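Hi there,

Have a look at it first, and then read on.

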Amino acid sequence: MADDYLERIGKLIRVARQHRGWTQTQLAEALATSQSAVNRIERGNQNISLEMIARIGEALDSEIVSLGYAGPMHLRVVGGRRLSGSIDVKTSKNACVALLCGSLLNKGRTVLRRVARIEEVFRLLEVLNSIGVRTRWINDGVDLEIVPPAELDMEAIDHEAAVRTRSIIMFLGPLLHRLDTFRLPYAGGCDLGTRTIEPHMIALRRFGLDIAATEGLYHAQVDRTVSPGRPIVLTERGDTVTENALLAAARHDGTTVIRNASSNYMVQDLCFFLEALGVRVDGIGTTTLTVHGVPDIDVDVDYSPSEDPVEAMSLIAAAVVTESRLTIRRVPIEFLEIELAVLEEMGLDHDRTAEYAADNGRTRLVDLTVRPSKLEAPIDKIHPMPFPGLNIDNVPFFAAIAAVAQGKTLIHDWVYDNRAIYLTDLNRLGGRLQLLDPHRVLVEGPTRWRAAEMMCPPALRPAVVVLLAMMAAEGTSVLRNVYVINRGYEDLAERLNSVGAQIEIFRDI
């Protein structure tokens, strides 16, 4: 077998194993082989017979592996169908990845409830497993157990998995407390233009972390004599920057004040998790956080991240563009109030239940019912702001919503260098979007959507926007290579099908 074929087979086996909720060790036990052999097979570094492929397929109950075909995942969408019924919002992607990084602070056992089974989480689990952290899915694959080793093996880090996620950057905060020197691969993830780690470094240098970047690696050194003697002022109110500062402050022996902090949903979930670890955090939900660090954290902790407001917005947009009546349950309302206010201005017909608490006991949820509405373009432009403003990740969904509204809507996506460009992919489906510059798009509606076959945009939210437009377009569309969607959404096609969509998953043979 050619090396690239072995790699494709290995990737299929890894995906099937993760879908089953097994570790490499569990698969090795089922095959009567070693964990290292399974690791080599999944990396494409082991010759593998058809008999072994069949055995693996039987063990994992995976026809894909037993048939031995690979290639990227695609979606075939029969559009023009109305959605109906109700659908639950899954737990937050961004909170889950922050909590996985945060688990490195704890010497004890961490259990995270209802973790999103998405590619971004799988990549982080591969990285954690490679450096010695033991993880396993429990309770029928719903919850995740994390047990750290006494010593992390950073030399064994899974480089390929690390470069496929931007979340790896949040290893810096917890690792600076465990290691004097270490190396991390450059952060990857979505293609959203140039993004510097300098805001992270401005905060982390205050804890003695120094980074030199060469040959695709961050080379880190920690000076234990350095301590933040005055408040840390973040140069941007970014979510991951705030999370990294929190992770660094959590085990700092003293009190750390972080100003211009993000108060967004994933930051709040991380703060709640830190409190479960015994770290006191004052000012949660504000732009000034005061962290009372605990130098040694060794507790068994059980935590439930809250629901994902961006997924909730995706489902609201799905109902709007398909002109459907749909109930979206477990919506974290406090992180969607501005979006809903804008939609109300545009004419959205909806109602919501009384508020109730999420499983973390802190986040406020509602059930939201959206009905077919005659929308008008908003008077003001759509633009993101730090929480409590309109969420940066929700801006792309307004491109699809504006496309079904009467009139012209200006969308100003000022945060990312080129994400607005990807929104013009809607023109392939009948949209009328004019790119004014790399950050501004003028959307004219209403739109008569038409089916098309196209490649998935390389950025997560624009990719989902294209999928939603395909659901509204009469006829059959094909969206190719949807890995980026799987990075942030768990079983999205199947869940949309459960409320009336017709989306088929297929692969090239």
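E19 and E20 form a hairpin with two residues between them. Strand E19 covers residues 432-437 and strand E20 residues 440-445, and the two pair in the antiparallel sense over five bridges. Within this pairing, aspartate 437 has arginine 440 in E20 as its bridge partner. Here, strands (E, at least two residues) and helices (H or I, at least four) are DSSP runs, numbered from the N terminus, and two strands pair if DSSP finds at least two bridges between them.

Before you go further, please keep in mind that this is a predicted model: local features need pLDDT of at least 70 and side-chain atom pairs count only at pLDDT 80 or more, while totals for chains, interfaces and linings use all residues. Residues are numbered from 1 along each chain as its sequence is written, and side-chain values use heavy atoms, with hydrogens and water left out.

Proline 446 lies in the loop between E20 and E21. Another cis bond runs from phenylalanine 387 to proline 388, with omega near 15°; proline 388 lies in the loop between strand E17 (364-371) and helix H15 (395-403).

Now to the sheets. E21 belongs to an open sheet of four strands in the order E21-E22-E1-E23, with mixed pairing. Its edge strands, each pairing on one side only, are E21 (453-455) and E23 (502-507). From one strand to the next, the twist averages 20° (axes are lines fitted to C-alpha atoms, for helices over the stretch in contact, and angles run from 0 to 180 degrees between N-to-C directions). E21 pairs with strand E22 (residues 475-480) in the parallel sense over three bridges, and methionine 454 stands opposite leucine 479 in E22.

There is also an open sheet of three strands, in the order E6-E8-E7, with antiparallel pairing. Strands E6 (181-185) and E7 (209-214) are the edges, each pairing on one side only. On average, neighbouring strands of this sheet are turned by 25° against each other, direction ignored. Five bridges join E6 to the antiparallel strand E8 (residues 217-222), and proline 185 has leucine 217 in E8 as its bridge partner.

Which residue does the side chain of arginine 487 contact? The partner is glutamate 120, whose side chain makes a polar contact with that of arginine 487 at 2.7 Å. A polar contact is a pair of N or O atoms within 3.5 Å; within protein, one must be able to donate a hydrogen and the other to accept it, and residues adjacent in sequence count only if both atoms are side-chain atoms. Arginine 487 lies in helix H18 (residues 483-488) and is buried, with a relative accessible area of 6%. Buried means under 20% relative accessible area, exposed over 50%, and partly exposed in between (1.4 Å probe, protein chains only).

Serine 306 is buried too, at 2% relative accessible area. This serine 306 lies in the loop between strand E13 (301-303) and helix H13 (309-321), and a polar contact of 3.5 Å joins its side chain to that of threonine 363.

Two loop residues have a positive phi. For aspartate 140 the value is about 60°, although it is not a glycine; this residue lies in the loop between E4 and strand E5 (143-147) and counts as exposed at 84% relative accessibility. Asparagine 260, also not a glycine, has a positive phi of about 60°. Asparagine 260 lies in the loop between strand E10 (255-259) and helix H12 (265-276) and is partly exposed, with a relative accessible area of 24%.

Finally, the cavities. A cavity is a set of points on a 1 Å grid over the protein atoms alone where a 1.4 Å probe fits but cannot get out, and lining residues have an atom within 4 Å of a point. The count comes to four cavities of 30 Å³ or more. Of the 13 residues that line the largest cavity, the closest to its centre are Arg17, Trp22, Leu125, Asn129 and Thr135. Helix H7 gives the largest share of this lining, four residues.

Happy reading!

Conventions. 1 Å grid on protein atoms, 1.4 Å probe; cavity = no way out; pocket = protein on both sides within 12 Å on 5 of 7 lines; lining within 4 Å. Points joined across faces, edges and corners; volume = space filled by probe spheres on them.
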